[in-house]
Amino acid sequence: MVTGNLTAIAPLIEVDHLSFCYGSNEVLHGIDFGIPARSITALIGPSGCGKSTLLRCFNRINDRIPGARISRGAIRIGGIDIARPDLDLRMLRRRVGMVFQKWNPFPKSIYDNVVYGLRVQGISKRRELDAAAEQCLRVVSLWDDVRDRLQASAMTLSGGQQQRLCIARTIAVNPEIILMDEPCSALDPIATARVEELIRILRQDYTIVIVTHNMQQASRVSDHTAFFYLGEIVEFNTTAHIFNTPTQRKTEDYISGRFG
């Protein structure tokens, strides 16, 4: 494993020699790097290299898969080992939000989608919910489009709008970290550009980790990039370094399209 000289930046997420298995099949092998706070980190690599598995380790969604487990090493967020058996998973997933590849609004109104997590937390005052809904919809540049139809079904929105609605729902509960798993792969170029612009804006307040197969997208939006291959991290550095002067030949070959 090779990483760049990022030791001066204190990581919010520490991946400490992590190995991860599905049953007896080890799919991550000794992953070791740190993700800085208030930045965008892209995880890139060929299909099946383990990047989405690692992403799902950060909020322990992999726990839902029988036999999935950390076999060695640890993940710490803010210094806390998130594999601790006494960890409150609801609190972890409130702190670490997730946006999926395919937009997944609830079959509810636009308004109810945004405030869903707040209601789960016990917030019921209409004034608070209204303020949060407006604020989050403004952040994702949806307010002007939907302000007059907040009670309409979320399913009436376009695909790109639904994905931005899902991001609004994620930030409504004020997470510290947002995980994004191929958030633009099903969107057209115009919708993709709007989501990428939103990602760059969100970085001012959140730590973002994005899995993407799109090299141009990684180079456009991320501050740091980690290249994965066959369950190992080959190289981690600033995005400018990875794309312009990679240390490893395998990284250069992947970036230039020689394989993958």
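Predicted model: local features only at pLDDT ≥ 70, side-chain atom pairs only at ≥ 80, totals over all residues.
Strand β2, which spans residues 11–22, runs antiparallel to β3 and is joined to β3 by 8 bridges. Within this pairing, Pro-11 lies opposite Pro-36 of β3.

Thr-53 belongs to helix α1, which comprises residues 51–57. The relative accessible area of Thr-53 is 12%, and because this value is under 20%, the residue is classed as buried. A polar contact of 2.9 Å links the side chain of Thr-53 to that of Tyr-22. When neighbours within four places in sequence are left aside, Tyr-22 is one of the residues in contact with Thr-53, together with Phe-20, Val-27, Leu-28 and Asn-62.

Helix packing was examined for α3 (residues 110–120) and α6 (residues 159–172), which meet at an angle of about 25° with their axes 7 Å apart. Since angles under 35 degrees count as roughly parallel, α3 and α6 are therefore assigned to that class. The contact involves Ile-110, Asn-113, Val-114 and Leu-118 on the α3 side, and Leu-165, Ala-168, Arg-169 and Ala-172 on the α6 side. The crossing of α3 and α6 is right-handed.

Notes. Residues numbered from 1 in each chain as written. Heavy atoms only, no water. Pairing = 2+ DSSP bridges. Helix = DSSP H or I, 4+ residues; strand = E, 2+ residues; numbered from the N terminus. Buried < 20%, exposed > 50% of the residue type's maximum accessible area, 1.4 Å probe, protein only. Polar contact = N/O pair within 3.5 Å; in protein donor to acceptor, adjacent residues only side chain to side chain. Contact = heavy atoms within 4.5 Å. Axes fitted to C-alpha atoms, helices over the stretch in contact; angles between N-to-C directions. Parallel < 35°, antiparallel > 145°, perpendicular 65-115°, else oblique. Left-handed = near helix turned anticlockwise from the far one by under 90°.
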